[in-house]
Amino acid sequence: MHTIGVIIVSFNTHALLRACLESLQTCTLQLRIVVVDNASQDGSATLVREAFPAVDLIALRENIGFAAGTNVGIRHLGVGTTPGALATLQPLPGVPASPPEYVLLLNPDTVVQPGAIEVLVAFLEQHPRVGAVGPRLLNPDGSVQAAAFRFPTLAMTALDLFPPGEVLPGRLYNSWWHGRYPHESAAHASFPIDHPLGACILTRRAVLEQVGLLDEQFFMYAEEVDWCYRVRAAGWAIWQEPCAQVTHVGGASTRQFRGAMQIALYRSRLRFFQKHYSRAFIRANSWIVRMGMLRVVLRDWRAYMRGQLNSDELRTRLWTYGTIARL
């Protein structure tokens, strides 16, 4: 029986991390779970150390980001090395003599439903040319969460910034143009995709050793898109297997404005485009982004004039939009 390496990168997710680790206990396969804690201040490392002693805990002294944290965990399992300048971290003690055949990248805000990992492993066993597979993601209320996406396009940038249902026709929201797979919510059979959401991805050791680990220059966002792009370029297929189901809390909507996260998202997207797309694409994308930032500036000024935003919130938003436009 194969051992499945499970990498979970945590940062101040104490309660969610507990639920995630508890859900893994239903798996009938042999798991080696590694939690890489990015210097949490909420007792996450203590939780793992005391409540889950069978889990390998790597408690870092600083938050090095999701991609770098994931790579720490993968190296701890003895799998692969990142090429070139990305190999900045040394392998950690405790590397197993026999690295796992499969590696599951899992967010701490997930609950793995019984049988999900078994289904994903069986899928890769049956499809030797598939390099990575993602499950069907569910929202906490049981509804289907979008988890299968196309690689970024100019149309996707435009639809992000001029949202369907708000500026453009609402029917475009779940369309191919918006980077979605319209049949995803009703699919009962597996289907090929460009990339899954990074909350849960099962891959092969052979893929990691051929393609390399995550690009650590992505501190947050788009690291799984970049990695999947490289996997596809290397000749591997990527699929979604809806018979495997994982609940993902991170998909719950929020109205809280998070300027730093928005800046990080657009910075990561730009890095992805600079690595893989043409200069003409980058210029066109930048123009769309600037027009989108102009739209939200005018929208938020109007909200401020109507008393719906205070001056501090408006100032924060305008600074965020200006920073993104200057990227």
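User: Is Cys-200 buried or exposed?

Analyst: This is a predicted model, and in it Cys-200 has a relative accessible area of 3%, so the residue is buried.

User: How many disulfides are there, and what should I look for?

Analyst: A disulfide is a covalent bond between the sulfur atoms of two cysteines. Here the count is zero disulfides. Cys-200 takes part in none, and the nearest cysteine sulfur, that of Cys-20, is 8.9 Å away. Cys-243 is in no disulfide either; the nearest cysteine sulfur to it belongs to Cys-200, 14 Å away. The relative accessibility of Cys-243 is 51%, so this residue counts as exposed.

User: How do I read an aromatic pair, and how many does the structure hold?

Analyst: Two values describe such a pair: the distance between ring centres and the angle between ring planes. The structure holds 12 aromatic pairs. One of them joins Trp-176 and Tyr-181, with centres 5.6 Å apart. Their planes stand at 85°, and over 60 degrees counts as edge-to-face, so this pair is edge-to-face. Trp-176 is partly exposed, at 45% relative accessibility, while Tyr-181 is buried, at 8%.

User: What is the geometry of the pair formed by Tyr-229 and Tyr-277?

Analyst: That pair is tilted, with 6.1 Å from centre to centre and 55° between the planes.

User: Which parts of the chain does the pair tie together?

Analyst: Tyr-229 belongs to helix H7 (residues 223-233), and Tyr-277 to the loop between helix H8 (259-276) and helix H9 (279-305). The pair therefore ties together parts that are 48 residues apart in sequence. Tyr-229 is partly exposed, with 23% relative accessibility, and Tyr-277 is buried, at 17%.

User: Which residues form an aromatic cluster with these two?

Analyst: Tyr-229 and Tyr-277 form one aromatic cluster with Phe-151, Phe-272, Phe-273 and Phe-281.

User: How many residues does the largest nonpolar core have, and which have the most contacts inside it?

Analyst: A core of this kind is a set of buried nonpolar residues joined through their side-chain atoms. The largest has 39 residues, and those with the most contacts inside it are Ile-7, Ile-74, Val-103, Leu-208, Trp-227 and Val-231. Elements that each supply at least two residues include strand S1 (3-10), strand S2 (30-37), helix H3 (66-76) and strand S4 (102-106), as well as H8 and H9. The largest share, four residues, comes from H7.

User: What does Val-231 touch beyond its sequence neighbours?

Analyst: Not counting residues up to four places away in sequence, Val-231 touches Val-207, Val-211, Trp-236 and Ile-238. Another core, of 33 residues, lies apart from the largest one; among its members are Ile-4, Val-35, Val-48 and Leu-202.

User: Which residues of helix H2 are buried?

Analyst: In H2 (residues 44-51), the buried residues are Ser-44, Ala-45, Leu-47 and Val-48.

User: Why do these residues line one face of the helix?

Analyst: Viewed down the axis of H2, the buried residues fall within an arc of 160°, so they line one face. These residues pack against S1, helix H1 (14-24), S2 and strand S3 (56-59).

Notes
Residues are numbered from 1 along each chain as its sequence is written. This is a predicted model: local features need pLDDT of at least 70, side-chain atom pairs count only at pLDDT 80 or more; totals for chains, interfaces and linings use all residues. Side-chain values use heavy atoms; hydrogens and water are left out. Rings of Phe, Tyr and Trp (its six-membered ring) pair if their centres lie within 6.5 Å; planes under 30 degrees apart count as stacked, over 60 as edge-to-face and the rest as tilted. Buried means under 20% relative accessible area, exposed over 50%, partly exposed in between (1.4 Å probe, protein chains only). A disulfide is a pair of cysteine sulfur atoms within 2.5 Å. A nonpolar core is a set of buried Ala, Val, Leu, Ile, Met, Phe, Trp, Tyr and Cys residues joined through side-chain atoms within 4.5 Å. Contact means heavy atoms within 4.5 Å. The arc is that of the directions from the helix axis to the C-beta atoms.
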